[in-house]
Amino acid sequence: MRAPECAELIALYGDRERFRSRVVMERHQYGVGEYKYFARPMPPRVEELRAAMYRELAPTANRWAERLRTRDSYPASLTEFLKFCAAHGQTRPTPLILRYEAGGYNCLHQDLYGEVAFPLQFTCALSRRGRDFEGGELLLVEQRPRAQSRGEAIALDAGEGIVFANRYRPAPGARGFHRVNLRHGVSTIKSGVRYAMGVIFHDAA
């Protein structure tokens, strides 16, 4: 994303009318910080990004389902997928903006909001690393079967984003593909304020 788009999304954070709910992480032992879920209609850039990324990622999601031998199937368009979510009682939008101050962090977790879950999601930093904040790396931890967990710390700057597994991914093994569980979080913010946007493709119940 471009710098003006990042700034526009940060500026929306104080507008209560643009969000359906606010979550203070400390109240739920999720970490230290807060986040807000967009209300509909979402900002056009967020709507466009969500639809375009889903369209590109759906073939990968279907390959993963095939390799893991699940019954999951993902339609080609986000519109059709959200209809499927709605049929299972999941109608609330899940794209969100997260805000952390110095000392803030996000515990390892998975973004699951009901029976239906798309296997990939996206996050993008909105704040400038080294100018707006320090620390706050994205943490990805794989829980490998019969082995110790493996972690990565990824430093995202403003406008940079990453697609990662929502809860598990297929990994090749001696007997074909097996499931590797993944959780994600954010390391401690050392100074400043860090904003980020998350795009989850399934809606919430």
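This is a predicted model: local features need pLDDT of at least 70, side-chain atom pairs count only at pLDDT 80 or more; totals for chains, interfaces and linings use all residues.

Tutor: Helix α1 spans residues 3–12, and its buried residues are C6, L9 and L12. Viewed down the axis of α1, these buried residues fall within an arc of 120°, so they line one face of the helix. An α-helix has 3.6 residues a turn, so residues three or four places apart point the same way. The cover over the buried residues of α1 includes the strands β1, β3, β4, β6 and β13, together with helix α3 (44–68).

The largest pocket has a volume of about 470 Å³. It is lined by 31 residues, of which Y35, L98, N106, H109 and D111 are the closest to its centre. Two or more lining residues come from each of β1 (19–24), β3 (34–38), β4 (96–101), β5 (105–109), β6 (120–125), β12 (176–186) and β13 (189–200). By type, the lining of the largest pocket holds 18 nonpolar, nine polar and four charged residues.

The second largest pocket has a volume of about 160 Å³. Its lining consists of R71, D72, S73, Y74, F84, H88, E115, V116, A117 and R167. Four of the residues in the lining of the second largest pocket are nonpolar, two are polar and four are charged.

How values were computed:
Residues are numbered from 1 along each chain as its sequence is written. Side-chain values use heavy atoms; hydrogens and water are left out. On a 1 Å grid over the protein atoms alone, a cavity is a set of points where a 1.4 Å probe fits but cannot get out, and a pocket is an open set with protein on both sides within 12 Å along at least five of seven lines; lining residues have an atom within 4 Å of a point. Grid points are joined across faces, edges and corners, and a volume is the space filled by probe spheres set on the points. Helices (H or I, at least four residues) and strands (E, at least two) are DSSP runs, numbered from the N terminus. Ala, Val, Leu, Ile, Met, Phe, Trp, Tyr, Cys and Pro count as nonpolar, Asp, Glu, Lys and Arg as charged, and the others, Gly among them, as polar. Buried means under 20% relative accessible area, exposed over 50%, partly exposed in between (1.4 Å probe, protein chains only). The arc is that of the directions from the helix axis to the C-beta atoms. Contact means heavy atoms within 4.5 Å.
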